[in-house]
Amino acid sequence: MTIDIPRIEDTAAALLADREHRRFAFYGRVSTEDQQDPVASRNWQLSRATGLIEPVGGIIVTEFFDIGLSRSLPWKRRPQAAKLLDALADPDRGFDAVVIGEPQRAFYGNQYSLTMPVFSHYGVDLWVPEVGGAIDPESEAHDLIMSVFGGMSKGERTRVKVRVRTAMTSQAKIEGRFLGGRPPFGYRLADAGPHPNPGKAADGRRLHKLEPDPATAPIVRRIFAMYLANNGYFAIAEALTRDGIPSPSAADPARNPHRTGEGWAKSAVKNILSNPRYTGRQVWNKQRKDEVLLDVNDVALGYETRMRWNDRDSWVWSDTIAHPPLVTVNDFELVQTIMAASGRGRTGNRQRRVRRHYLLRGLMLCGLCERKMQSHQAHEMAYYRCRYPNEYALANHVQHPRNVYVAERDIVPALDNWLLTAFAPHRLTDTIRRLHAAQGDAGPATAAPEIAAANKIIAACDAKLLQYRAIADAGGDPATVATWMAEVNAQRATAVTQRDQAAAQAQAPRRLTEDDIRHLVGSLDDIRNTLRNAHHQDKSNVYHALRLALTYNPGQNKISVEAKPDADYCGVTVRVRGGT
C-alpha cells in the first residue's frame, strides 16, 4: 500500500541548518490487523516520538515505517525495520539515536531481547516514551519494562484473534451471516440491509447475503443431477464444455486470474459437488491459518502463515437456512456418500505412503500450455508432470501429449552446476554485467500531480463526512444522512484507488547500477556453500529465494531457467539428459 506523507528529511534539513540538534531516526509500524488508517497511525506515533525528544533538542532526520505487516514478524523480515538495522552498521548513518512512538507496535514477544543487543553493539541509543527517554541496556528495570510490553503486544494480538473468531463463529452459527469473501459459483451477493453496528451503518456500510445467480445457478443443479445419474467428473466437465457453458473462471475472470477459462476442469466439478453451502446453510471455518516456524533450529526467524483445511467436525454450520438452497440436503448427502465410496476396496491397514519433498515444487512450467507442472512420485523417484488434456479434454486447443513427464534427477545437477558457476568469484563480474544489461527501462519518475489531486478529493470527502456525522448527532434523519455518507464514501474510495494507482506507477523499479547489483548478490557465496552439501529443504529454499522459473519444452527436451532475485534477471537453458 502507498501513502502520501510529508518528507521528514526536508523539514529536518531546515531545522538542522538553524541550530545544532541531536539527530534521531523514527521507527513505526501499522498493519491491517490494527484496522487503522496508515496515515493517521503514522502521525500519532510520530507525535509521541517527537514529544519525547524535543525537550532535549532532538530532531527526527529520517524515518522507517512499515505498513501492512503483522507485529509477529521479526525485524529482519520487515522491510523498513531491516533497513534500519542495516543503517546501524553504517558509520555515516546520519542519525545518533532511534526513537519509537509505541513499543507494542515495534516489539512482539521476545523481539526486544533479540534486537536491543544490535543497538548496543553499534552504540546507538533507543528512546521509548514509556521509559521517559533512552533505554539503559544495563538496567534490569528497563529490560523488565520492555519485556512486559513485548508480552502485552503478543497477548493483545492473541486476544483480538480469539474475539474475532468467537464473534464470527456465533454470527455464522446463530445468525447465518455471510462473513465476506467471494460468493460460491451459482450465487451472487445481494443487499441484506444496514450494518447492525451503528458506527458502520452511519458510514454507509451494508450487510450482504447470497442469492441464486440466474445465469449460473442452473449449472450447479445440472452438475448435481448428472453426478447422481452416474456421470463422473470427467464426463460432466466434457458435457459442460461441449455445450459452451462458461466455467467458473470464464464466468468470473476475477475469481482465478491465473486460469485460462477455456473449459471445465474435473477439479472445478469436484469442488462444486463438495461445497455444503449449496444446501442453503452458511458454513464457516472450513480452513484455518497456521503459523509455522520457518526454521525449527532458529526460532528468531519467526513464523510464516499457511492455509490448511480443517476436519469436517470443525466446520461451523448455521442453525437455520441462511440463503435459498440450490440442492436438497438429501441429494447433497447422497453425493458425498458416492464420492466417499469412490475409494472402495481400501482398507484401514493399507500402508500410508510417506510424503516426499520436491525440490522444484511450484517452479516447473510446461512449455506447451504454460501451466504449472504437478509434483508426482513414480518408482520411488520425483517427477513433474502436466496432464492438461486429461483435465480439460475438449478445451484442449494445443498440441499436447496426454502426459508430459520430466524427472527431478535430470534437472537438479545441471541447475546446481549453473548456479555454482554463474556466481563463482571469477565469473561474478561477468554475471553482474549481464544482470545490469538485462534490466528494462526505468519507469516514470513521478506522478505527483495525480496524487495531489486525489489527496484533495480525499480531504474534501473527509470534511463532508465529519459534517454529516455532526448532522446525525444533532438529530438529522439517519436514513438521509446514511445516503449522503454512502455517496461520499464511494467518491472517496474512487479517489483512493486513483491515488494508489498513480503512486504505484511512480514507484516503478529504477534501473540498478552495477554497484547496486554487486551489493545485492554479495551474499551469494552463502548460496554457493549451501548448494554444495545442502539438505533438500535448504536447497529448495535457495531455489525459491532466487525466484527460479523452469520451463520444460518436451519437443526439444530442454528446460529454460530464469532466475529473478529482486528486480534482476538472468537465464540459462539446460538440456535434459544431455549436459548443459
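Student: What makes Lys286 count as lying over the face of Trp315?

Tutor: The distance from Lys286 to the ring centre of Trp315 is 5.3 Å. A charge sits over a ring if NZ of Lys or CZ of Arg is within 6 Å of the ring centre and within 35 degrees of the ring normal, so 5.3 Å meets the distance part of that rule. Arg93 gives another case, with its charged end over the ring of Phe95 at 6.0 Å from the centre.

Student: Good. And what kind of model are we reading?

Tutor: This is a predicted model, in which local features need pLDDT of at least 70 and side-chain atom pairs count only at pLDDT 80 or more, while totals for chains, interfaces and linings use all residues. Residues are numbered from 1 along each chain as its sequence is written, and side-chain values use heavy atoms, with hydrogens and water left out.

Student: How many helices and strands does the protein chain have?

Tutor: There are 20 helices and 18 strands.

Student: Why is the pair of Trp75 and Phe119 called edge-to-face?

Tutor: A pair of aromatic rings is described by the distance of the centres and the angle of the planes. Rings of Phe, Tyr and Trp (its six-membered ring) pair if their centres lie within 6.5 Å, and planes under 30 degrees apart count as stacked, over 60 as edge-to-face and the rest as tilted. Trp75 and Phe119 are 6.2 Å apart centre to centre with 80° between the planes, so the pair is edge-to-face. Trp75 belongs to the loop between β2 and α3 and Phe119 to helix α5, so their pair ties together parts that are 44 residues apart in sequence.

Student: And what makes Tyr227 and Tyr233 a stacked pair?

Tutor: Their ring centres are 5.7 Å apart and the planes stand at 10°, so this pair is stacked. The structure holds 12 aromatic pairs. Ring pairs also link Tyr27, Trp75, Phe107, Tyr112 and Phe119 into a cluster.

Student: Is Tyr227 buried or exposed, and how do you know?

Tutor: Buried means under 20% relative accessible area, exposed over 50% and partly exposed in between (1.4 Å probe, protein chains only). Tyr227 has 8% relative accessibility, so Tyr227 counts as buried. Tyr233, with 22%, therefore counts as partly exposed. Of the 580 residues of the protein chain, 39% count as buried.

Student: Which residues of α11 and α12 meet?

Tutor: Lys270, Leu273 and Ser274 in α11 meet Phe332, Val335, Gln336 and Met339 in α12.

Student: What can you say about Asn230 and Asn285?

Tutor: Asn230 has a phi near 75°, a positive value in a residue other than glycine, and so does Asn285. Most residues other than glycine have a negative phi. Asn230 is in the loop between α8 (217–228) and α9 (233–242), and its 73% relative accessibility makes Asn230 exposed. Asn285 is in the loop between β8 (283–284) and β9 (287–293), and at 11% relative accessible area Asn285 is buried.

Student: How do you know that Phe26 is buried?

Tutor: Its relative accessibility is 0%, so Phe26 counts as buried. Phe26 is in strand β1. Contact means heavy atoms within 4.5 Å. Leaving aside neighbours within four places in sequence, the residues in contact with Phe26 include Leu46, Ile60, Phe64 and Val99. The C-alpha atoms of Phe26 and Val98 are separated by 5.8 Å, although the two are 72 residues apart along the chain.

Definitions and conventions. Helices (H or I, at least four residues) and strands (E, at least two) are DSSP runs, numbered from the N terminus.
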